[in-house]
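I'm opening my notebook on this one.

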Amino acid sequence: MKRRIAVAAALAATLIGAAACSSSSGSKAAGSGSALTGDLKGNGKTITVWIMADAQNAAWQPILTKAETDFTAATGAKVNLQWTTWPNYKQQLDAALGSSKVPDVVELGNTDAPKYVFNGALANLTSVKSTFDNNTTWLDGLSGACQEDGKYYCVPYYAGTKLSIYRTDLFTAAGITAPPTTQADLLTDLDALKAKNASNPHFVAFNMPGRYWYAAMSYVYSNNGVIADKGSDGKWKGELESPSAQAGLTQWQNIVTNYSSKASNTVTEQNQDTLYETGNVALEYDAGWHSGSVQSVHANPNDPNSKMVNTAVKGKVALFAMPGISASQPFKSFLGGSVLGVPQKSPNQALAADFIKFYTSTQSEAGFIGVGNLPNNTTQLATASANAAVGPQVAAAAQASWFTPSAPNWSNVESANVLQDMCQAIATGAKTPQAAAAAADAQITQILNAS
């Protein structure tokens with residue numbers, strides 16, 4: 001049997017009150033044994049923890065700092081925290097796993113986790129699963145990415161969906177009294193924003209980076225397209241040339257061409273907050289917690305402890321769920337998240353697992369809710385929906401969602417930047433949506449079917 005990961009469906013179902021199920025059965029041995037190496041006597045020891053730089057957010061980092069403090073108090077071990085970034089972490093991790101300097105804890109995107117579960121790179125955490133808070137109510141969409149043959153090789157960290165982050169003052173000044181309810185309404189609002197701010201040469205109505213494939217694929221799926229599909233012959237085929245996918249790519253191209261910044265055409269979404277913080281952007285599409293991030297920045301960007309400086313957007317930001325193509329055709333947002341694993345080669349596996357226990361505690365997860373993320377468990381979802389940093393917009397966005405193809409080689413498509421390159425070609429006008437999709441489909445088909 002082939003392993004299935006229904007991440008988006010599971011997260012969406014839990015948010016709307018339904019119980020979701022996922023199943024997994026393995027095709028490869030992942031990890032070995034059932035006992036973790038090392039012990040919890042940490043005096044004189046230091047564990048190395050790789051966490052994404054997202055956690056440097058002013059409201060987020062105290063959660064991590066407290067986990068470090070509590071872990072050290074309990075075990076005597078210290079934490080060597082090292083920041084990683086989404087564009088480069090897989091290459092860095094692959095290199096580290098092949099060396100003698102292996103981190104003890106690593107953060108993985110849930111779409112990437114199966115690769116490391118399947119190839120035996122992560123330690124088996126099944127024996128200590130019961131020590132983690134809320135372990136019986138973990139979101140299936142995150143825990144499913146960690147399982148192989150009923151065993152657990154990572155721990156759910158947090159989940160999130162993408163929302164429209166908008167400037168309330170600019171919308172009001174342009175005569176927009178309520179968030180748009182359809183894509184047609186959105187375009188009308190964007191035209192009004194451009195007209196109202198025509199005297200500002202730096203104004204951007206909707207910042208849409210040209211390599212932002214998550215956003216582009218949201219338009220594809222919202223038009224009932226898919227990235228790839230598996231045929232009755234068991235072979236995968238890229239489907240971005242289909243009429244439905246082309247409709248979505250054309251709509252996305254319209255946003256990029258007419259409402260975004262040409263300077264953003266060759267960049268990813270990673271740095272879109274920087275442009276927003278200038279005060280010249282009315283709208284961006286990103287994880288909800290960015291609504292707090294864009295309102296304050298550090299005086300020294302390289303020092304998360306430096307003094308916070310108010311920006312031009314402080315107190316003028318709110319969220320709405322991206323409107324659908326029509327009232328009957330909702331916008332489908334990507335639902336993703338992160339998990340935490342312990343490399344099989346770590347000499348401090350027991351200590352590493354204990355650190356994860358503190359960092360994913362009920363208290364920590366409440367903190368993640370406070371910065372606009374979804375918790376790793378269904379128990380705290382009700383709190384998340386009522387929290388001002390998350391709110392009902394997240395539930396609305398999660399009711400319609402999409403997830404990457406559940407193909408064993410999918411991670412290789414992402415590593416090859418197939419979709420990013422396709423999107424940039426469309427954004428810059430180097431290729432039409434049809435020509436760019438044809439090239440991407442050929443690559444996707446080849447990669448997904450490679451043995």
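This is a predicted model: local features need pLDDT of at least 70, side-chain atom pairs count only at pLDDT 80 or more; totals for chains, interfaces and linings use all residues.

I looked up its partners: C146 is joined to C154, with 2.0 Å from S to S. The torsion about that S-S bond is about -110°, so I noted the disulfide as left-handed.

Are these cysteines buried or exposed? I wrote down a relative accessible area of 0% for C146, so it counts as buried, the cut-off being under 20%. C154 has 1%, so C154 is buried too. I also checked C423, which is buried at 0%.

The largest nonpolar core here has 56 residues, and F206, M217, I227, L240, W252 and M422 touch the most other members. Several elements each supply at least two residues of this core, including α7 (183-196), α9 (243-259), β9 (283-287) and α18 (433-448). Which helix gives the most? I found that α8 does, with 8 residues. Apart from this core lies another of 36 residues, and W60, F132, A287 and I356 are among them.

Last entry: α7 and α9. Their axes come within 12 Å and cross at roughly 5°. Angles under 35 degrees count as roughly parallel, so that is how I describe α7 and α9. Where they meet, I listed L187, L190, D191 and K194 from α7, and N254, I255, N258 and Y259 from α9. I sorted the residues of this contact into 4 nonpolar, 2 polar and 2 charged.

Notes
Residues are numbered from 1 along each chain as its sequence is written. Side-chain values use heavy atoms; hydrogens and water are left out. A nonpolar core is a set of buried Ala, Val, Leu, Ile, Met, Phe, Trp, Tyr and Cys residues joined through side-chain atoms within 4.5 Å. Buried means under 20% relative accessible area, exposed over 50%, partly exposed in between (1.4 Å probe, protein chains only). Helices (H or I, at least four residues) and strands (E, at least two) are DSSP runs, numbered from the N terminus. Axes are lines fitted to C-alpha atoms, for helices over the stretch in contact, and angles run from 0 to 180 degrees between N-to-C directions. Angles under 35 degrees count as roughly parallel, over 145 as roughly antiparallel, 65 to 115 as roughly perpendicular and the rest as oblique. Contact means heavy atoms within 4.5 Å. Ala, Val, Leu, Ile, Met, Phe, Trp, Tyr, Cys and Pro count as nonpolar, Asp, Glu, Lys and Arg as charged, and the others, Gly among them, as polar. A disulfide is a pair of cysteine sulfur atoms within 2.5 Å.
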